[in-house]
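Please keep the sequence and the structure in view while reading.

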Amino acid sequence: MRELYNERYRPQFHFTAKQNWLNDPNGLMYYKGEYHLFFQHNPSGINWGNMTWGHAISKDMVHWNQIENAIYPDKLGTIFSGSGVVDWNNTTGFQTGYEKPLICIYTSAGGTSDESKGQPFTQSIAYSNDKGRTWTKYEKNPVLGHIIGSNRDPKVIWHEPTEKWIMALYLDGNDYALFSSPNLKEWTRLSDINLPNTSECPDIFELPVDGDPNNKKWVFWGANGNHYIGTFDGKIFKAESDLLRTDFGANFYAAQTWSDIPKSDGRRIQIAWMNGGKYPDMPFNQQMTFPVELTLRTTPYGIRLFRKPIKEIENIYQKEYFWQDQILPPKNDILSGIKGDLFNIYAEIELYKSSEVGFVIYGEKVQYNKESKQLSCLGRSALLEPIDNKISLQILVDRTSIEVFGNDGLVSLSSCFLPDLDNENLSIYSLDGEANIILLKVYELKSAWL
Ligand code: FRU
């Protein structure tokens, strides 16, 4: 194992910067077998500052290789959050060779450095003609001037029906706006959207409902995970749902989805910054969530956005344990023999007479209370209705995080913690009566840095 990635509190299958600070995921795109993950990075400090786009590349979104930083501050500002796209039709005219140009669209955060004193926040682009290895800023930046406040975080998508680029941009307060462009260089304002109690880092994407290609809906998303499900006609997003959220954890922010995942794959994959967390004496600070696949599904409450860990987690499976039809509590704790610090746990539990079922992981509880219907972990809770008195749980455990997914990802809790590494025991329990484990799978995982 590489020494650098095996420190005591280094997440083993969650992305961290080799060194120093990281926040929002940026510029997520896929091109020719490679997933790109850019990230808000301070190249010279353990805390936030000097915003630069760090860059990592992966073939499976589990094993990452951090390469040179992609975009550095300049006289227009430090480099705040944004997105990335493959310009398949060379609408920018930036293509010089055989490879399609990759484009990053970011905020030039004027006034956040000495060099950019007096400049406002504007939107800029940079391009690469070598599969993302080197980046050149567009000489006529910015491509979108200052509108209001600290407007920022452009998320750009290709809208097929109108054959235009669409940008979702955070304006100010709880306001966002949509713009369109033929070439990523000239932008026209289309419409505005308000997301109550929400600011920063928009995302906008379309998904089939229940996998039906003839019934698609759009999602408009803000940094804290609040989102609407509705329609988008190329100009106006119309919400058809209440303001919704899926993740209720303590550390979940600025999620973004990958652009340009091939249609043959068809997935919409999201990664978020696990904001906060403690990493004592570590050379890095902050981590990303594990990537999840997003789907829209019909539930008794309406259409909901589900989050589920990507199947590529199988690439780090080491050992599998499997049980069926076990009464809880068992005579002996069935998990007592299992030790380790990296797990993917999957359970289907019939609540039966139990008042509370759960797991204890590093001394921390993941618990479900039958009466309150609350799924809880690390001080946060989400309402989860059992289905036929049953619930399903998936739990990802890494050295400094626990991510819990209830009922196939209808709700999730993404939270950081500081594990007691001398207490690596796992256990499963039921209170006040019996429950039935319909199915329980525990996968011991190996480090993705191996
Ligand atoms: C969200 C955010 C963005 C901004 C970036 C700066 O976490 O505040 O709005 O672009 O971080 O690092």
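Which residues lie nearest the centre of the largest pocket?

## Basis of the report

The structure is a predicted model, in which local features need pLDDT of at least 70 and side-chain atom pairs count only at pLDDT 80 or more, while totals for chains, interfaces and linings use all residues. Residues are numbered from 1 along each chain as its sequence is written, and side-chain values use heavy atoms, with hydrogens and water left out.

## The largest pocket

Trp158, Glu160, Ile261, Lys263 and Arg268 lie nearest the centre of the largest pocket, which is lined by 29 residues. A pocket is found on a 1 Å grid over the protein atoms alone, as an open set of points with protein on both sides within 12 Å along at least five of seven lines; lining residues have an atom within 4 Å of a point. The volume of the largest pocket is about 980 Å³. A volume here is the space filled by probe spheres set on the grid points, which are joined across faces, edges and corners.

Strands S1 (20–31), S5 (78–86), S9 (152–159), S13 (203–209) and S14 (212–221) are the elements that give two or more residues to the lining of the largest pocket. The largest share, five residues, comes from S13. Strands are DSSP runs of E with at least two residues, numbered from the N terminus. By class, the lining of the largest pocket has 17 nonpolar, four polar and eight charged residues. Ala, Val, Leu, Ile, Met, Phe, Trp, Tyr, Cys and Pro count as nonpolar, Asp, Glu, Lys and Arg as charged, and the others, Gly among them, as polar.

At least two lining residues come from each of the strands S21 (292–299), S22 (302–309), S24 (343–350), S29 (390–398) and S33 (435–445). The lining of the second largest pocket divides into eight nonpolar, five polar and seven charged residues.

Why does the second largest pocket lie between domain 1 and domain 2? Domain 1 (16–309) and domain 2 (314–445) both give residues to its lining, so the pocket lies between them. The domain bounds come from an automatic or database domain assignment.

## Strand S30 and its neighbours

Strand S29 also pairs with strand S30 (residues 401–406): six bridges join the two, which run antiparallel. Two strands pair if DSSP finds at least two bridges between them. Gln394 stands opposite Phe405 in S30, and a hairpin joins S29 to S30 through two residues. S30 also pairs with strand S31 (residues 411–416) in the antiparallel sense over six bridges. Ser401 has Cys416 in S31 as its bridge partner. Four residues separate S30 and S31 in their hairpin, and Asn407 in the turn has a positive phi of about 45°.

In a regular strand the side chains alternate between the two faces of the sheet. In S30, Ser401, Glu403 and Phe405 point one way, Ile402, Val404 and Gly406 the other way, and all are buried. Buried means under 20% relative accessible area, exposed over 50%, and partly exposed in between, with a 1.4 Å probe and protein chains only.

## Cysteines

How many disulfides does the structure hold? The structure holds zero disulfides, a disulfide being a pair of cysteine sulfur atoms within 2.5 Å. The closest cysteine sulfur to that of Cys104 is in Cys201, and at 15 Å it is too far for a bond. Cys104 counts as buried because its relative accessibility is 0%.

Cys416 is in no disulfide either, and the nearest cysteine sulfur, that of Cys377, is 11 Å away. Cys416 is buried, with a relative accessible area of 13%.

## The enclosed cavity

The structure holds one cavity of 30 Å³ or more. A cavity is a set of grid points where a 1.4 Å probe fits but cannot get out. About 60 Å³ of space lies in the largest cavity. Of the 13 residues that line the largest cavity, Gly82, Asp153, Cys201, Pro202 and Gln256 are the closest to its centre. S1, S5, S9 and strand S17 (253–257) each give two or more residues to this lining.
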